[in-house]
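Subject: Handing over the structure

Hello,

Here is the structure I promised to pass on to you.

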Amino acid sequence: MDQFRHILVGWLLDGSGGPVRRRVLMKLSKAMVISLAEARLGDFKESCVEDLGSFTVLPGLVDAHVHLALSGTEDGGEREAQRKASFESSSTRIRDHLREHIRHGVVAVRDGGDKDGHALLYKHRVLAKNPSPVAVQAAGQGWHASGRYGNLIGASPQPEETLAQAVSRRGAEKDFVKIVNSGLNSLTCFGAETAPQFALEELVEAVKKAHGLGKKVMVHANGRIPVGSAVEAGCDSIEHGFFMGRENLDKMAERQTVWIPTVFTMAAYAEKLAGGSRESEVAKRNLDHQLNQIRLARSLGVPVGVGTDSGSLGVHHGRAFCKELQLLMTAGFTLEEAVQSATARGAVLLGVEDHTGMLAPGRPATFVAVRGGPERLMEGLKAPQGVVVKGEVVDGGKDFLSQRRRGSKEEFRQN
Ligand SMILES: [Zn+2]
């Protein structure tokens with residue numbers, strides 16, 4: 001009995017940013033890709049080729065910015081209740097959100113924090129015993145300055161404590177360090193910037209401390225100065241980055257600081273807020289401005305990742321991913337580039353390359369299959385037909401792949 005599996009793939013996007021490959025024979029050994037070669041008729045002598053000949057296959061998706069303990073609900077009372085929820089009640093929600101991610105092909109998420117650090121606790125208490133097919137990297141509580149924006153997603157350092165000291169407190173338990181260095185975007189005054197929450201020196205010390213613990217730093221920052229000091233301090237990724245301006249994008253390209261634009265949040269606001277209202281109009285302008293920044297980032301070579309900010313108003317776990325991806329394409333990304341941002345780039349940022357990432361020999365057999373050719377991919381990602389994590393079908397039913405063993409040869413000849 002052959003220890004390898006062979007899968008005929010109609011169209012392959014490997015996550016490298018390279019062009020779509022047509023008719024590829026993917027050879028797998030348990031959890032790993034062995035080879036990806038052009039399919040030939042001789043490959044079908046054996047009947048055990050599994051048939052994804054009419055599917056587009058891409059690596060498992062990575063959502064680099066979510067809040068698992070919060071949902072995208074628009075019900076104000078419910079949002080308030082989620083903020084104050086017990087760990088038990090958050091746990092149920094987190095479990096459901098992880099299921100939604102899997103259903104949409106998202107196999108790794110980075111959690112940007114919640115008030116009581118429930119997502120991180122869930123990882124340690126629940127996932128440690130019952131692993132999910134979704135790799136979770138969590139920041140626990142994010143750090144914000146006392147009296148400034150951020151208590152929804154974290155805490156502030158103690159009065160006598162520096163930011164760096166706060167970062168080192170229980171820092172070892174966290175996968176990431178999250179720092180909040182600006183306010184939210186104004187929905188009444190277009191382009192209004194907020195002051196940075198921390199001084200450059202504080203950020204430099206905090207980043208140094210985090211890196212010393214082996215942790216990357218993600219910084220929530222909008223506006224020129226808050227983004228500028230975070231980049232200068234050596235953070236690993238800028239979250240949101242609305243109105244950061246050309247100079248910061250230049251600097252990020254030079255330093256290869258990853259940008260997670262979370263642009264769909266603004267589209268969701270524009271849609272959810274009363275049509276024709278000032279807030280809705282400002283949200284639309286914010287959206288256009290951010291799309292232009294993304295266009296510029298692409299031309300400058302800033303590494304852009306995909307993060308939805310799921311848990312934000314109107315931004316739903318799983319479902320939001322293809323919307324964020326679509327917006328990158330609206331801003332000029334090719335399909336191949338968008339998929340690279342959504343997969344390999346996210347996997348490197350999150351440090352989960354043993355779980356998902358580029359599809360290549362020696363890499364994990366983690367992929368999403370969507371019916372039809374690449375031109376239908378964006379539509380198809382709303383409901384992928386199958387999701388495979390390290391060689392195991394985790395969505396699409398246990399018959400996904402196995403039912404498709406017959407007819408490969410016929411199908412091959414037709415094409
Ligand atoms: Zn967030």
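Predicted model: local features only at pLDDT ≥ 70, side-chain atom pairs only at ≥ 80, totals over all residues.

Residues are numbered from 1 along each chain as its sequence is written, and side-chain values use heavy atoms, with hydrogens and water left out.

Buried means under 20% relative accessible area, exposed means over 50%, and partly exposed is in between (1.4 Å probe, protein chains only). Helices (H or I, at least four residues) and strands (E, at least two) are DSSP runs, numbered from the N terminus.

Ile179 is worth a look on screen. Leaving aside neighbours within four places in sequence, Ile179 is in contact (heavy atoms within 4.5 Å) with Trp143, Leu163, Phe198, Leu203, Ala206, Val217, Met218, Val219 and His220.

After α10 comes Gly332, with a positive phi near 105 degrees.

In α3, the buried residues are His118, Ala119, Leu120, Tyr122 and Leu127. These pack against α2 (87–103), β6 and β7 (135–138).

**Pockets**

Pockets and cavities are found on a 1 Å grid over the protein atoms alone: a cavity is a set of points where a 1.4 Å probe fits but cannot get out, a pocket is an open set with protein on both sides within 12 Å along at least five of seven lines, and lining residues have an atom within 4 Å of a point. Grid points are joined across faces, edges and corners, and a volume is the space filled by probe spheres set on the points.

The largest pocket has a volume of about 450 Å³. Of the 24 residues that line this pocket, Tyr149, Leu184, Tyr269, Asp309 and Ser312 are the closest to its centre. Two or more lining residues come from each of α1 (76–83) and α8 (264–272), and α8 gives the most, with 3 residues. By class, the lining holds 10 nonpolar, 10 polar and 4 charged residues. Here Ala, Val, Leu, Ile, Met, Phe, Trp, Tyr, Cys and Pro count as nonpolar, Asp, Glu, Lys and Arg as charged, and the others, Gly among them, as polar.

The second largest pocket has a volume of about 280 Å³. It is lined by 15 residues, and Asp116, Gln141, Arg170, Glu173 and Lys174 lie nearest its centre. Helix α3 (residues 118–127) gives the largest share of this lining, 3 residues. The lining divides into 4 nonpolar, 6 polar and 5 charged residues.

**Cavities**

There are 3 cavities of 30 Å³ or more. The largest holds about 70 Å³ of space, and its lining includes Asp114, Lys115, Asp116, His118 and Leu152. The second largest cavity, of about 50 Å³, is lined by Leu70, Ser71, Arg79, Gln82, Arg83, Leu152 and Gly311.

**Hairpin and loops**

Strands β15 (residues 386–389) and β16 (residues 392–395) run antiparallel and are joined by 3 bridges; two strands pair if DSSP finds at least two bridges between them. Val388 has Val393 in β16 as its bridge partner. The two strands form a hairpin with 2 residues between them, and Lys390 in the turn has a positive phi of about 45 degrees.

Lys30, which is not a glycine, also has a positive phi of about 45 degrees. Lys30 sits in the loop between β2 (21–29) and β3 (32–38) and counts as exposed, at 73% relative accessibility.

Happy exploring!
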